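Visitor: Can you walk me through this one? I'm new to reading structures.
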Amino acid sequence: FQTLSNEDTLEVIMKGSLIVSTLALATSVEGWVSQNGPALRKNTSKLFSQEIGTDGNLHGESSCFMPLEQVDEEYFAPRIIQIAGLYPGVTKEEILSVTSEQPAEKGQWAYDFSDPDGPQMGTVALPGCEIIDLCEDPAVIIAEHFALGVPLPEVLTDPVDLLVVVDRAKKTFAERKFLVMDVPGKGIVIKAYSTKAEMPEGGEVIGRVDFVQVPWLPCMKKKKSGFQEDDSLY
């Protein structure tokens, strides 16, 4: 072994202290914010927020987060196609009478409003997944991203449609889960609550949000890095 002089020993100790200090500083950085990811996330997300909303919470408030899933720029939405009839027995007139719509642009989806006089406003195709399959009594609400507090790029000044899947079989309170409530004097409100006591007086839970689909728009960062933490907005 080589014997170090007092000067050399002091230099090693100082370098070691610098390394330890650097590591300690690095571990204090909030892991939710990627240095190479979208700056918007850092400005709008509150991963460990201590604020307690007095009128319910939007997405990102008081550690309440909606179950978001954003499609990417290569996403092909399921296409809604009308049924002409049954074979044998279907006629030429029946085959030619049904209408068809253009497919949705990649990264987005399309609605079907073919029966405006029906009890439903329209229909929309959703991707096949376990969350959707487990919904006992689902319905879709088309919600503006501003109304839910979902952060999207700041260049989007107009509201963006989000598909909110509500399971109407879930009519009870759940901590920090987004509830669809009918509130006297306000109508339908979609918010989350840390405690049952925070819920508005007289409000009736008519369902719980199980899934929210976010579109991909040209102003959003394309997925090119191969690292999910850099490519995803959420």
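Guide: Here is a short tour, from the overall layout down to single residues.

Visitor: Is this an experiment or a prediction, and how confident is the predictor?
Guide: This is a predicted model. The protein chain averages a pLDDT of 74. Of the residues, 70% score at least 70.

Visitor: Where is confidence lowest, and where is it highest?
Guide: Helix α2, residues 39-44, is lowest, with a mean of 30. Strand β8 is highest, at 93. The pLDDT is also below 50 over residues 12-53. That stretch still has 41 contacts in the model beyond near neighbours in sequence.

Visitor: OK, layout. How many helices and strands are there in the protein chain?
Guide: The chain has six helices and eight strands. From the N terminus, the order is α-α-β-α-β-β-α-β-α-β-β-β-β-α.

Visitor: And how much of the chain is buried?
Guide: Of its 234 residues, 33% count as buried. The accessible surface is about 15,700 Å². Carbon and sulfur atoms account for 56% of that surface.

Visitor: What share of the contacts join residues at least 24 apart?
Guide: It is 62%, counted among contacts between residues at least 6 apart in sequence.

Visitor: Let's go inside. Which residues of the largest nonpolar core touch the most other members?
Guide: They are M66, L148, V164, F178, I190, V209 and V212. The core has 28 residues. The largest share, four residues, comes from β5.

Visitor: Pick one. What is L148 in contact with?
Guide: Leaving out neighbours within four places in sequence, L148 is in contact with L58, H59, M66, A143, L162, V164 and I190.

Visitor: You mentioned β5. Why is it largely enclosed?
Guide: Six of the seven residues of β5 are buried, so the rest of the structure largely encloses this strand.

Visitor: Which strands does it pair with?
Guide: β4, residues 138-144, is joined to β5 by seven bridges, and the two run antiparallel.

Visitor: What about β6?
Guide: Five of the six residues of β6 are buried, so β6 is largely enclosed by the rest of the structure too. Six bridges join β6 to β7, and four join β6 to β8. Both pairings are antiparallel.

Visitor: Which residues does L179 stand opposite?
Guide: In β7, L179 stands opposite K191. In β8, L179 stands opposite R208.

Visitor: How many residues lie between the strands in the hairpin of β6 and β7?
Guide: There are three residues between those strands. In this hairpin, G185 takes a positive phi near 85°.

Visitor: Which residues here are positive without being glycine?
Guide: S62 is one of them, with phi near 55°. R176 is another, with phi of about 60°.

Visitor: Where are they, and are they buried or exposed?
Guide: S62 sits in the loop between α2 and β1. S62 is buried, at 3% relative accessibility. R176 lies in the loop between β5 and β6. R176 is partly exposed, with a relative accessible area of 30%.

Visitor: New topic: M199. Where is it?
Guide: M199 is in the loop between β7 and β8. M199 counts as buried because its relative accessible area is 16%, under the 20% cut-off.

Visitor: What does M199 touch?
Guide: Not counting residues up to four places away in sequence, M199 touches F173, L179, M181, Y193 and V205. M181 is 18 residues from M199 along the chain. Their C-alpha atoms are 9.3 Å apart.

Visitor: Last one. What about Q70?
Guide: Q70 is in strand β1, residues 68-70. Q70 counts as buried, at 18% relative accessibility. A polar atom of the Q70 side chain lies 3.4 Å from the backbone oxygen of P215.

Note on methods
Residues numbered from 1 in each chain as written. Predicted model: local features only at pLDDT ≥ 70, side-chain atom pairs only at ≥ 80, totals over all residues. Heavy atoms only, no water. Core = buried A, V, L, I, M, F, W, Y, C linked by side-chain atoms within 4.5 Å. Buried < 20%, exposed > 50% of the residue type's maximum accessible area, 1.4 Å probe, protein only. Contact = heavy atoms within 4.5 Å. Polar contact = N/O pair within 3.5 Å; in protein donor to acceptor, adjacent residues only side chain to side chain. Areas by Shrake-Rupley, 256 points an atom, 1.4 Å probe, with all protein chains shown as cover. pLDDT = per-residue confidence, 0-100. Pairing = 2+ DSSP bridges.
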